[in-house]
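Student: I have not looked at this structure before. Can we go through it in questions and answers?

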Amino acid sequence: MEKLLLIPGPSPVVPRILRSLAEPTVSHVSQEMALDLSTALQNLKKIVFGENAEPFIIAGAGTLAMEIALLNVVAKTDRILILSQGFFGDRMGQICESFGIEHDLIRSQWGRAVLPGDLAAKIAEKKYDVVFSTHVDTATGACAPVAEYAGILKDAGILYVVDGVCATGGVEERLDDWGIDIIFTAAQKCFGAPPGLAILAFSERAMAKRKSLPSIPAYYSDILRWLPIMKDPQKYFSTPCVNQIRSFCEATKIMLEEGLPARFARHKKTARAFRDALAALGFSFFTEEPFLADTLSVVQYPAGVVDQEFRVALGRNGVVVAGGLGDTAGKVFRLGHMGNLTSAQIVFAVKAMEAALDSLKYEFARGAGVQAAEKALA
Ligand code: PMP
């Protein structure tokens, strides 16, 4: 039985995208490939509201996108600030360390995000050149107030880089209007495409910063080597993953066919449906209310339900969720609800949760979860 993948990425891939992946591999410098890559790049600009952005699609994953974003805009003497609300903000710090890049870190408590006031206070105290933040942290389910951060940083003339790996395409991010300099992301979450691509959009200011750096400690990750290919995909630098790019192109078409406002609203509704259902079954949430993300939930068990047993029982009923990371391991499960999920899949998942609880002999209000989900989806 094919299981419904509700981990915080990869998200389920719809048949239309899977079919595009299975079409014959064409030459990486063919017209077919050029059309797919150019279309995907144009669509990406629309998805991040970056009319003036320079988009990049490069074989890799989210972590490569993090590295590319860092190495292409950071000069040796730059002062770097990272806002971390969990696992992936901390990872940005580790990448800095790997390249000997000094940085400061503001960490929020897990389940929250750094408050805009704390960012404003920090940049008033010390001059920074580049600030990095995570939009949605996949370990904690906390969504940061990116538009507010951007406003503060724009006024201060500081370059701002956003990790949109668990947000872009599911939660609004407006590169031009908000004054974000880089949004980087990956294919496997809100785009609903298979994993394997690092995706970035650079503002004019971020491009100018890269061009001002005489050299960077990177070869494959140097966007100036990729720029000619993004402008003219029939040129060669390093063989692009033809099938993957075609499938990503298809994913972006699906997103634009749905319409971005409708897509963001659907993610919000999906989150509501799952949370109402889970609350009706006795679960609670790790993330504090104002920071709850629309793309995943970090769910705490009611007394008497054991993590491993629940996740195994859920798997038997056709749904895969993820365990907690760090200190939350064994105490929560992480439920991804992003990409191209349908109402029928949401209801199926809630039924599976009820069946799992039933098989564990846990006492709960039978049917209450499904009823709550259906009400939220109506
Ligand atoms: N940033 C965030 C917010 C993520 O959720 C992830 C992946 N879970 C990454 C970065 C790293 O992406 P990848 O696993 O594709 O390397």
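Student: In what order do the strands of the open sheet of four strands come?
Tutor: This is a predicted model. In this sheet the edge strands, each pairing on one side only, are β11 (284-285) and β14 (322-323). The pairing is antiparallel, and the order is β11-β12-β15-β14.

Student: Which residue in β12 does F285 stand opposite?
Tutor: Strand β12 covers residues 296-300 and runs antiparallel to β11, with two bridges joining them. The residue in β12 that stands opposite F285 is V299.

Student: At about what angle does helix α12 run to β15?
Tutor: Helix α12 spans residues 307-316 and lies across β14 and β15 (332-336). Its direction relative to β15 is about 35°.

Student: Why is one side of β2 and of β4 left without a neighbour in the sheet?
Tutor: These strands belong to an open sheet of seven strands with mixed pairing, in the order β2-β10-β9-β8-β5-β3-β4. From one strand to the next, the twist averages 15°. One side of β2 (54-59) and of β4 (104-107) has no neighbour because both stand at the edges, each with a single partner strand.

Student: What is the bridge partner of I183 in β10?
Tutor: Strand β9 (residues 182-186) pairs with strand β10 (residues 197-202) in the antiparallel sense, over five bridges. In β10, the partner of I183 is A201.

Student: Which strands does helix α10 touch?
Tutor: Helix α10, residues 242-258, packs on the sheet. Its direction makes about 60° with that of β10. The strands touched by helix α10 are β2 and β10.

Student: Which strands does helix α6 lie across?
Tutor: Helix α6 is formed by residues 146-156 and runs at about 165° to β8. The strands under helix α6 are β3 (80-84), β5 (130-134) and β8 (159-163).

Student: Which helix gives the most to the shell around the ligand?
Tutor: The residues surrounding the ligand include G62, T63, M66, D163 and K189. By class, the shell has five nonpolar, five polar and two charged residues. With three residues, the helix that gives the most is α3 (residues 62-73).

Key. Residues are numbered from 1 along each chain as its sequence is written. This is a predicted model: local features need pLDDT of at least 70, side-chain atom pairs count only at pLDDT 80 or more; totals for chains, interfaces and linings use all residues. Side-chain values use heavy atoms; hydrogens and water are left out. Two strands pair if DSSP finds at least two bridges between them. Contact means heavy atoms within 4.5 Å. Axes are lines fitted to C-alpha atoms, for helices over the stretch in contact, and angles run from 0 to 180 degrees between N-to-C directions. A residue is near a molecule or strand if one of its heavy atoms lies within 4 Å of it. Ala, Val, Leu, Ile, Met, Phe, Trp, Tyr, Cys and Pro count as nonpolar, Asp, Glu, Lys and Arg as charged, and the others, Gly among them, as polar.
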